[in-house]
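Biologist: Hello! I am new to this structure and would like to learn how to read its side-chain contacts. Could we go through them together?

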Amino acid sequence: MATPTLQLDIVSLEAQIFSGRAEMVVITGEMGELGILPGHTQLLTSIKPGQIRITIQGVAQDIYYVSGGMLEIQPYEVSILADTVIHASDLD
């Protein structure tokens, strides 16, 4: 049986940064850290500067850093609208 996934889209002011399927997303919202799995309840919140940790199907975590923005969660879709997004491998 396949592991359930959700559609994740990360968009910055400049471009679309990530679009794909994920098993889990961890991000810091206005009231604290959120672990988002498929089937999560609907939520709209601002996000604090920090990490986005993405668990992709059968692959280790992918990490991005954001400077803030908005997060929208639907049961099987997550949209992150961020001011600035940088992939962890691009940091010095």
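Modeller: Gladly! Let us begin with a salt bridge, meaning a side-chain nitrogen of Lys or Arg within 4 Å of a carboxyl oxygen of Asp or Glu. Here E33 forms one with R53, and their closest N and O atoms are 3.6 Å apart. This is a predicted model, where local features need pLDDT of at least 70 and side-chain atom pairs count only at pLDDT 80 or more, while totals for chains, interfaces and linings use all residues. Residues are numbered from 1 along each chain as its sequence is written, and side-chain values use heavy atoms, leaving out hydrogens and water.

Biologist: Which parts does the pair of E33 and R53 tie together?

Modeller: Strands are DSSP runs of E, at least two residues long, numbered from the N terminus. E33 lies in strand β4 (residues 32-36) and R53 in strand β5 (residues 43-55), so the bridge ties together parts 20 residues apart in sequence.

Biologist: Is E33 buried or exposed?

Modeller: Buried means under 20% relative accessible area, exposed over 50%, and partly exposed in between (1.4 Å probe, protein chains only). E33 is exposed, at 55%, and R53 is partly exposed, at 21%.

Biologist: How many aromatic pairs does a search of the whole structure find?

Modeller: One. Rings of Phe, Tyr and Trp (its six-membered ring) pair if their centres lie within 6.5 Å; planes under 30 degrees apart are stacked, over 60 edge-to-face, and the rest tilted. F18 and Y64 are edge-to-face, 6.3 Å centre to centre with 65 degrees between the planes. They link strand β2 (residues 16-22) and strand β6 (residues 61-66), being 46 residues apart. F18 is buried at 12%, and Y64 is buried at 6%.

Note on methods. Helix = DSSP H or I, 4+ residues; strand = E, 2+ residues; numbered from the N terminus.
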